[in-house]
Every structure is written in C-alpha cells, then in structure tokens.
Amino acid sequence: MKKSKKSQGKKRRMGQIQHKRHEGLDTFDPETGMDLSVAPEEILVLILSHLPAKTLLSDCQHVCRRWRAIVQSQAFWRFKCQGERNAITFYIGYLPTNFDWRRFYLKQPFNRNLIRNPCGAERLQHWNVHNGGDGWIVRTFDHEDLTGIKSTFVSSYYWCEKSQTIDLLKEGFWEKILDEYQPEITVNDWFSAHRDCGGEYQMFVQLLGANKHKIIKEYTTDLRTIPVLPFQQWDQITYIFRNYGPGVRYVKFKHIGKDILFWKGHYGAWVTNTSVTIRLKSPEK
C-alpha cells in the first residue's frame, strides 16, 4: 500500500528537525511543535530579548550560526536596551552611530558610582591613604544629619589624605566613547567637621591619559574652612567635566582634611558619600 504524499512530507519534515537536533541545534519545542530555527528574524529577536544576558552568552549564542549572529549584533543589544531601559530612548538620537550597545548593556558603566567604599563601610579598603596626625578613622553618626548616610571618614590634626584612581577601560568604557563622544564626568563629595573643633577640607580631581602621568583636565576646590558650630553642618561639592578632549583613561580623585585647633585624636574634617559618575550627555547640551 502506497503512503500518501502528505504522510511522506510530514516524515521528511520530522527527519529534518531530528537532523538539526542531532547537529546540536536544539531549536525545536516538542510541546508547541515550533522550530525556532525557521522563525522570522523579528520574532526570534523578540523572543531572545526576553532572556537574561547570562543565558544569551552561555547558551543561546552556541545554538547555531543564526542565533550567534543575532546575539553578537549591536542591533540586538540596542533593541534589548530599549525594551528594558526606557530612559535610553531619550538619548538614542544623540549617541554616535558606532555606539557599543553590547558593552553598554553588559558592563553598565554609566550612571553608577565608580568610587569604591565611599562612606567607610569597609573601613579604609580601596583607598590610598596618607595619614597625618593620628590618621584617618571611620565613625558612625546620626543618619538624620545626612539622609541615608550613617558613617564618615574623620581626619586628624595634621593633613590626612585619601585618593582613588579609576581605570575607565576596566570599568567598561571604551576608547571611542571617551575620545569622540566624551560623556560627562560628575564628581561629588560631602564634607563636615567635628562641632567642637572645626576643620579644613580640599578636593582635587585629575583626568589622566593612558600613562597615568599626563593631566588632560583637572579641578581643584579652594581651601574650605568649616567653623566651630553648635550644630552639625554638611556641605556638598559637585563638579562636572565636559568637552575635556581625547585621551582620558583614568580619573584620579583625592581629598584632604584636618582640624583647625590642633587637637590630638580625630577632630578634623569629615568626608563621606564621595562619588565619580559618568553619564550620557543631556541632549540640550
């Protein structure tokens, strides 16, 4: 008895699916009968965009050449960014055409604090420290004095210095975005002093080249004196680097503090909640 053409066609299709699965292309869903290897491009992109990045990189891009091409494409990561981070849509028309969407999504270098241990939660870890007098210590204080912050670094009776140097490439930025687009680099610091003693404070920031010696741009505050007061007063310093030129690869942040009455112990300037943040440029700028 001859088999119908319909039956033969069904077997051929099933054979093709099995062949693909044996090749390692496990794109067939037995529950739905759907073979994603033949799904339209826009449907496949939509489905893959809902998967976490870890799955995409560890599994999906190894399924087949087609999936690998999608997962490795800038267009896919741009689509994924737009779907998950609505705010990025506001900037898209102002970003360079060679913007690295894959790195932008995976490394998330923008809009996060690049300073480690900004409030002393890890004591003096991650800071390069020069101790004057009795050196730096970390002290807790009433969080009502500075909303959300409960600890601070406290200096002594001679100048105490702390610094960090941030490697921008290691943080996920890439050379073209730094050299051509030049995103805004925002530096922020809070300072105060012991109410009975007062203090002095100063901040220094340098944008450095690849050799860490060439200074491309720098900013230094004037020397700030915190007077003796009957209450706790916090002051904030914010500075934004714009149009700083090509070649920036490192940001060096440093601040210094001491007291003004030369008291032994730790009665000098307080510093906390330090931040260096790199942001996409506002379109109007």
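Which residues do ring pairs link into a cluster? Ring pairs join F99, W101, F104, F110, F173 and W174 in this way, where rings of Phe, Tyr and Trp (its six-membered ring) pair if their centres lie within 6.5 Å. The views below show a predicted model, in which local features need pLDDT of at least 70 and side-chain atom pairs count only at pLDDT 80 or more, whereas totals for chains, interfaces and linings use all residues. Residues are numbered from 1 along each chain as its sequence is written, and side-chain values use heavy atoms, with hydrogens and water left out.

**View 1. An open sheet of five strands in the order β4-β5-β13-β7-β11.** The pairing is antiparallel, and the edge strands, β4 (137-140) and β11 (235-241), each pair on one side only. Strands (E, at least two residues) and helices (H or I, at least four) are DSSP runs numbered from the N terminus, and two strands pair if DSSP finds at least two bridges between them. Four bridges join β4 to β5 (residues 151-154), and the bridge partner of V138 in β5 is F153. K162 lies over the face of F153, at 3.9 Å from the ring centre; a charge counts as sitting over a ring if NZ of Lys or CZ of Arg is within 6 Å of the ring centre and within 35 degrees of the ring normal.

**View 2. The hairpin of β8 and β9, with six residues between the strands.** Five bridges join β8 (residues 199-208) to β9 (residues 215-220), and the two strands run antiparallel. F204 stands opposite T220 in β9, while K212 in the turn has a positive phi of about 70°.

**View 3. The aromatic pair of Y158 and F262.** The ring centres are 5.2 Å apart and the planes stand at 70°, so the pair is edge-to-face (planes over 60 degrees apart; under 30 counts as stacked and the rest as tilted). Y158 lies in the loop between β5 and β6 (160-167) and F262 in the loop between β12 (250-259) and β13 (269-279), so the pair ties together parts that are 104 residues apart in sequence. Y158 counts as partly exposed at 48% relative accessibility, as does F262 at 49% (buried means under 20% relative accessible area, exposed over 50%, partly exposed in between, with a 1.4 Å probe and protein chains only).

**View 4. The stacked pair of F191 and Y201, with 4.3 Å centre to centre and 5° between the planes.** F191 belongs to strand β7 (residues 184-193) and Y201 to strand β8, and both F191 and Y201 are buried.
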